[in-house]
Amino acid sequence: MATSNSLSGTVQAMAGTIDPDAGISAAGEPITEAEALQRLRQSEDHSQQYYAAWWLGRNRSRHPEALPLLLAALRQRRPRDPGAGVEENAIARNAARALGKLGDDGAIPELLAALDDGDDGLREAAARSLGELQATEAVAVLLRRLASGPAGAGAPRLDSPRLQEPCEAMLEALGAIGIAEPGVITLIEAFTAHDRPLIRSAACRALLQLSGEARWAEPLMQLLDHPQLQVRRAALMDLGAVGWRPALEPICHTLAENSLKLIALRGLVEQGAHHDATIQAGSVLSAMDSLL
Amino acid sequence: MRSVEIDPIGERIEAVRQAASAQALLDATCALAASDHGNGVNNEAIACLVEVLGFNNPGAAVAAVNGLIALGPEAVEPILESLDPRNYGARAWAVRALAGIGDVRGLDLLEEALASDIGPSVRRAAARGLGQLRLDALGEPLRLAVQTRCLQALVAGCSDGEWVVRYAVSVGLEGIGLADFNSEYLRPASRQALLGLSQPDGEEVPVVRLRAALALRRLDGQPSA
């Protein structure tokens, strides 16, 4: 459990990152857990709260105060008002992300409520965290938010390049939670025909996780040849999250950073035993060695 | 008849410099990297391949690294001279090239990179390189001294915060432990460090434990799984 959480956490952190090493500069100066808790507790300096929320998640704090303080930070959000400062919402989003990494189910009810927040960035963070927590309670809400399909939930917004719903995060959460009911499968299948390759990738990843059927791996492996680097990166992370060992060769040959290939291959080693045993972990390790 | 001087390497360098798209750069770099240098290595070709490392084009950088590794020791000085502390991507590729060439002149850089470079991809490449320096040409006392430095750097790398660096450290320790000319010190010290990386109380990431355990089996002469 801890293992699969830490891998999916890494995968998610990397998937949204342009430079694989960018996390380092985001880390800022080293602080202690006590300092992080203190920074989150005060409320004058929002940037300190923002950093502290990130820190507690990144370090998977087990301190008893971490959960209540992060929940309080999640509650600081307000209705979205583009004209006003949205610092509290930024803190709430970081708190939602951190709550997924603590691994404490006590966060689930408030994360569920955040899935219906007006801030789609917060809905995205909450969806990812509920996926990390494998919160079966979230399936019904995720299905409801995605029910209108690619033409509704998956339609582009007028005011930004984002979609009506954070479809990628929500689809990935459904895959991670692991409830393979027909209603879930049918809904996700509709998104495999979405215009955007990143959404198709997320849908195929979820279907592959839920069904184990090789037909959903094919589109992902084709996306490893996509002309856009960003799409190839997403397909790498998705195949790694599923641990689809037959993708070993295509992963090694795609044009992308070795850092991302190594993360994907780690997924093949750690998550891959329950798929195709014809490719042994040893072959994946030797492929990893040559990418160092 | 007028003889026409044909310089395919010169043309290939020009093609890299003129490349107008990512794909063109990749193709031109592959062609330059595959050039046959005949009797003498072309310094301009080396300089051009080194330049490609800084272009933020992963495909072309892979090709350039392979080309530089194929050129071997001749490429070491130009790579060392080109290092740009502000370009992490380029540094990572340079360290990879030096790791692949395995020339002892890269030792200082590999040590420094593993110990303190901010980029995990740089530390990772350095750890791998420290386990595969080619030291056959050195005399015994110097060889041992170099290997001891490599070992010490790798042992320190066991506590790196990034799993991928610790993975590379396992690979590096295997290289040190398997080298032909082990003293009574190197192999046991490598084994001990690998033991720490192979156990759940010393290492939290499963793939690192698996790799360290594989290295231990190889050091002990058992068939690799």
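Which residue of chain A forms a salt bridge with Arg211(B)?

## A link between the chains

Welcome to this predicted model. The partner of Arg211(B) in the salt bridge is Asp289(A), with 2.8 Å between the closest N and O atoms. In total, 2 salt bridges are counted between chain B and chain A. Polar contacts also cross this interface, with 6 residue pairs found.

On the side of chain B that touches chain A, the elements giving two or more residues are α4 (58-71), α8 (120-130), α10 (163-178) and α12 (206-219). By class, that side of chain B holds 16 nonpolar, 3 polar and 5 charged residues.

Let's turn to the contact as a whole. Chain B brings 24 residues to it and chain A brings 22 residues. About 2,100 Å² is buried between the two chains, and carbon and sulfur atoms give 64% of that area. Within chain B, the residues that lose the most area to chain A are Arg124(B), Trp163(B) and Tyr167(B), which together make up 25% of what that side buries.

## A closer look at Thr254(A)

Thr254(A) sits in the loop that runs between α16 (248-253) and α17 (258-271). Is Thr254(A) buried or exposed? Thr254(A) counts as buried because its relative accessibility is 3%, and the cut-off for buried is under 20%.

Leaving aside residues up to four places away in sequence, Thr254(A) touches Leu224(A), Arg232(A), Leu236(A) and Lys261(A). With Leu224(A) there is a polar detail too: a polar atom of the Thr254(A) side chain lies 2.6 Å from the backbone oxygen of Leu224(A).

Key. Residues are numbered from 1 along each chain as its sequence is written. Chains are lettered from A and ligands numbered from 1 in the order in which they are written. This is a predicted model: local features need pLDDT of at least 70, side-chain atom pairs count only at pLDDT 80 or more; totals for chains, interfaces and linings use all residues. Side-chain values use heavy atoms; hydrogens and water are left out. Helices (H or I, at least four residues) and strands (E, at least two) are DSSP runs, numbered from the N terminus. Buried means under 20% relative accessible area, exposed over 50%, partly exposed in between (1.4 Å probe, protein chains only). A polar contact is a pair of N or O atoms within 3.5 Å; within protein, one must be able to donate a hydrogen and the other to accept it, and residues adjacent in sequence count only if both atoms are side-chain atoms. Contact means heavy atoms within 4.5 Å. Buried area is the accessible area (1.4 Å probe) that two parts lose on being put together, summed over both. A salt bridge is a side-chain nitrogen of Lys or Arg within 4 Å of a carboxyl oxygen of Asp or Glu. Ala, Val, Leu, Ile, Met, Phe, Trp, Tyr, Cys and Pro count as nonpolar, Asp, Glu, Lys and Arg as charged, and the others, Gly among them, as polar.
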